[in-house]
Structures are given as structure tokens and as C-alpha cells.
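Hi,

Here is the structure I said I'd pass on.

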Amino acid sequence: MFGNKKEEASPGDEVVSDTGAEAAEAVEPYSFKKAILPVIACGAGLFSDGYINNVIGSVLTILALQYDDVWKNSTAKHYLGDIAFAGTVVGQLVFGYLSDKWSRTNSLILSTAILIIFTALTAGSYYHGDPVGMFNILTAWRFFVGIGIGGEYPAGSVGCAESTGELKAGSRNMWFILFTNTMIDWGFVFGAFVPYVVAAACSNTHLSTIWRTSLGIGVVFPLSLFVIRFFLSEPPEYQKNSMRHTKTPYLLVLRFYGPRLFVVSLIWFIYDFSAYSFGIYSSTILANIYDPATAPLTTIFGWNTVINIFYLPGTMLGAPLSDKIGPRYALALGVSLQAIVGFIMAGCYNSLAKPSVVGAFAVVYGIFLTLGELGPGNNIGLIAAKTCATGIRGQYYGVAAAVGKIGAFVGTWVFPYIIAAGGGSDTKSAQYPFWVSSSLCVLSALLVLVFLPQIEQDTIAYEDVRFRKYLEENGFDTRQLGLKKGESIEEGSA
């Protein structure tokens with residue numbers, strides 16, 4: 001796994017270029033239109049992740065205005081923004097298992113149904129006219145929304161990665177990124193823009209209408225995908241190599257993929273952990289543009305939209321880069337450049353955080369966010385989806401993604417202490433999180449370059465070949481892979 005040469009299958013082998021016939025039998029490629037539809041249907045649901053996770057920030061702003069002291073004194077204000085993290089972790093783990101042992105497509109349909117139902121319920125949250133009761137109901141529904149979002153990660157992204165195998169070699173990583181991480185980033189933008197439009201339509205009044213409508217619109221996109229997903233077939237690789245009707249040899253899986261899964265999960269944890277601190281500069285920029293205490297909602301939401309647009313150039317321009325140089329080098333390049341910019345921003349914070357240079361600060365900050373998407377944002381999910389065999393890909397991806405979300409949750413609790421370490425100095429309190437985060441970017445680059453393999457266009461097929469050989473060498477009957485329900489080994493191998 002950690003070397004650079006292609007040798008006999010063992011837990012230490014690396015994924016290398018496998019464009020030859022040894023990796024998999026040549027198959028007649030589908031037409032582009034037929035091949036791209038499953039990629040879109042599987043991956044594009046992550047738009048909802050970006051939208052629903054980002055729109056809650058605007059909802060919290062409105063609830064604070066609408067309910068004032070009642071909101072300030074409620075316990076829900078401490079949990080409403082983060083509770084979806086917990087649900088997402090549960091969804092990633094549960095649906096990771098279901099997508100391997102039940103069905104990729106059925107898992108997608110179920111997670112989409114959960115997302116639709118509970119997003120609608122959040123928009124209609126009510127409890128006998130009691131605001132505090134309504135806060136608690138809204139928090140509960142958000143947890144279940146998180147489960148639906150979590151299901152999109154292993155079921156959707158894994159199915160998307162497997163479906164890209166039917167596309168023309170040389171563009172597969174790009175299409176995966178455009179319909180996974182790019183969808184998340186567009187979801188972030190719309191999660192900021194929709195509240196702006198609704199607030200403008202309501203002339204910054206009718207606060208309940210604004211936040212309920214903003215949440216309710218989150219139903220529209222998964223509802224459209226829900227219909228399309230009923231017509232999906234299982235990805236060809238899954239049909240040939242799944243373990244859904246046989247006992248998974250978890251001990252062999254851990255021996256073979258455990259070290260690699262640890263590294264992928266650690267990189268994802270670091271990325272999400274660090275991403276929390278990057279948000280402090282958003283509030284700094286906005287505080288130099290308007291007074292948050294007196295600005296109308298349209299001003300707040302409008303500038304929030306501008307900040308989120310910074311994500312788009314990195315993910316869209318970085319997508320083809322992952323095909324040109326490979327996800328491994330693209331990720332390492334992104335975090336390395338991000339570390340450099342982060343160190344500069346931290347070192348020059350005292351000069352940059354002034355109203356007179358807010359334009360320059362916003363540009364540098366935008367470059368910083370763009371590099372984050374070009375590197376780990378685009379590629380960590382791709383790496384997680386393509387560095388293991390099909391039979392356990394959903395669980396492998398689900399564990400890595402769940403560890404990443406745990407990293408984000410841990411970051412929300414740890415970084416306030418890092419900020420507090422600055423004492424009474426506003427400059428140090430802002431600098432310390434970025435010293436830590438930029439240092440972790442350097443660590444991520446080293447982990448990627450030292451411990452992860454290069455990912456080629458046919459890595460998924462090659463991993464299946466490699467894993468089959470390892471299982472056979474350790475006494476596992478690989479004729480069990482890809483069996484249909486009720487089918488015997490003899491029938492499946494006939």
C-alpha cells in the first residue's frame with residue numbers, strides 16, 4: 001500500500017497505474033449521456049448537504065432577532081447549529097453498511113426519503129405556540145436531517161465513483177468532483193443566497209416566514225433526485241464484486257486496508273477540524289463592512305453569499321487538475337499552498353484586519369478558501385471512494401467520512417480554547433488558530449505524499465483484482481463475491 005511498485009497482492013501493496021488489461025477486462029464504454037446520468041443521480045444529492053448545513057446559519061440569525069431573550073436563554077441555541085453533525089455521523093456509518101450489504105440504489109432512495117421528510121418537518125416546526133418547545137422540536141428534526149445527509153456520503157459518493165468507471169478515461173476524477181464536492185459548494189452558495197432572496201421579498205420583516213421558507217426550499221432538490229433515483233441500476237462494479245450475500249471477512253479487510261483507512265480518516269479529520277478556524281476571518285471581513293447589530297437581513301445574507309462564492313473557483317478549476325496530476329498530488333498541492341497563505345494571513349493579521357484594507361483582506365481570504373477546495377475539499381472524498389475494493393467501499397468511505405465529521409465537531413469545541421490562549425490580545429487570539437491550522441495543513445501534505453498511493457483512472461477495477469487475489473491467498477472463496485440473493489456459489493460461478 002505504501003510503496004511505489006506493483007507487486008504481488010498483500011496488505012502493503014500500492015495502487016498504481018493500471019491502464020493495461022491486467023487490471024480488468026476491457027469493456028465497451030457507454031455513450032457519454034448514458035454513462036453520466038448515474039454519476040449525476042448518485043453524487044448530486046450532496047448539494048443538499050451544502051444547502052441544509054449552510055442555511056441553518058441564516059436561520060440562527062433570524063431566530064436570535066425574532067425571539068431575542070427567549071432565544072438567548074434557551075439551551076437549543078447551543079445545539080441547533082451542530083446537532084446535524086451528530087446525525088450525519090450516524091447516517092454515514094449506518095448507510096455505509098447498508099450500501100455494502102443491502103443495495104447502493106436502495107440506500108440512496110432511503111436516505112433521500114429521510115432527507116425530504118425531516119427537512120419539511122424542520123420548516124414546519126411547532127409546539128403548542130411555545131417558542132422553547134419549538135426550538136427543541138426543530139433541534140430534534142435537524143438530527144434526523146443529519147442522518148439523511150450522512151446517507152448521501154457513502155451511498156451517493158461511492159455509487160458516483162463506481163459509475164465514473166463507465167466514462168472515458170482521463171476525465172473520471174473531474175466528473176466525480178463536479179457532482180460531489182462542487183455540488184456541496186454550490187449548496188453552500190444557495191444556502192446563503194436563498195435566505196437573501198426571501199428576506200428581500202419580505203422586506204426584512206415576517207421573520208418566521210423567512211426562516212421557514214428558507215428551510216422548506218431545501219426539500220425541492222432532493223425531491224427532484226428522489227424520482228430519478230428510482231430508475232438507477234446498481235453500478236456494474238458493485239454487481240460483480242459486492243459482499244451483500246456473503247459474510248464479510250472483516251479481519252482480513254482490516255489487515256489489508258486498516259492502515260490505509262487510518263491515514264485517509266486522519267487526513268479527513270484534520271481537514272474538517274481545521275476548517276472551523278478558517279471561518280473566523282469571514283466575521284472579521286464582514287465586521288469591517290457593516291455593523292452586525294444594526295444591519296438589515298438582506299445585507300447580512302448578501303455578504304454571506306459573497307463569502308461562499310469564494311469556494312467555487314477552487315472546486316471547479318481544481319476538478320480537471322485531479323485528472324492531470326492525480327488526486328494525491330492535487331490534495332498535497334492544495335494544502336501546501338493553503339498552509340503558506342494561512343501563515344501569511346496569521347503573521348500579517350494585525351495589518352490586514354483593518355477597515356481600510358478590507359478589500360485586499362477579502363481577496364487573500366478568498367484565495368485561501370479556493371485552495372482548500374482545490375486540495376482536500378475536492379480530493380479527500382475521491383481518495384476515500386477509490387482506495388479500497390468494491391465489497392467494502394461503502395463502509396470504508398462511511399468510516400472515513402464519519403471521522404471527518406467528528407473532526408469538525410471536535411474543532412468547534414477545541415478552537416475556542418486555542419483562541420482563549422491569546423489572552424487579552426485580539427491579534428493573538430485570531431492568529432493562534434491559523435498557526436495551528438496551517439501547521440496541520442503541512443502535516444496533511446506529508447501524510448498524503450508518504451502514505452497514500454497514486455490513484456489512476458482504473459484504480460477501482462485494479463483494487464478489486466488486488467483484493468480478490470489477497471482473499472484467495474488467505475483461503476476466502478471469492479466465488480461468493482457478486483452473488484445474487486438465493487444464488488449458490490456453483491450457480492454464480494457458472
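The contact (heavy atoms within 4.5 Å) is made by Ile307, Asn308 and Ile309 on the H14 side and Tyr311, Leu312 and Pro313 on the H15 side. Five of these residues are nonpolar, one is polar and none is charged. Here Ala, Val, Leu, Ile, Met, Phe, Trp, Tyr, Cys and Pro count as nonpolar, Asp, Glu, Lys and Arg as charged, and the others, Gly among them, as polar. H14 covers residues 297-309 and H15 residues 311-324; they pack at about 25°, with axes 4 Å apart. The axes are lines fitted to C-alpha atoms over the stretch in contact, and angles run from 0 to 180 degrees between N-to-C directions. Helices are DSSP runs (H or I, at least four residues), numbered from the N terminus.

Before you read on: this is a predicted model, where local features need pLDDT of at least 70 and side-chain atom pairs count only at pLDDT 80 or more, while totals for chains, interfaces and linings use all residues. Residues are numbered from 1 along each chain as its sequence is written, and side-chain values use heavy atoms, with hydrogens and water left out.

Which residues of H9 are buried? In this helix (207-216) they are Leu207, Ile210, Trp211, Ser214 and Leu215; buried means under 20% relative accessible area, exposed over 50%, partly exposed in between (1.4 Å probe, protein chains only). Down the axis of H9 they fall within an arc of 120°, so they line one face of the helix. That arc is taken from the directions from the helix axis to the C-beta atoms. Their cover includes H2, H5, H6, H8 and H14.

In the loop between H8 and H9 you'll find Ser203, and His206 is in that loop too. Ser203 has a positive phi of about 55° without being a glycine, and His206 has one of about 50°, also without being a glycine. Ser203 is exposed at 55% relative accessibility, and His206 is exposed with a relative accessible area of 55%.

Cheers

How values were computed:
Helix = DSSP H or I, 4+ residues; strand = E, 2+ residues; numbered from the N terminus.
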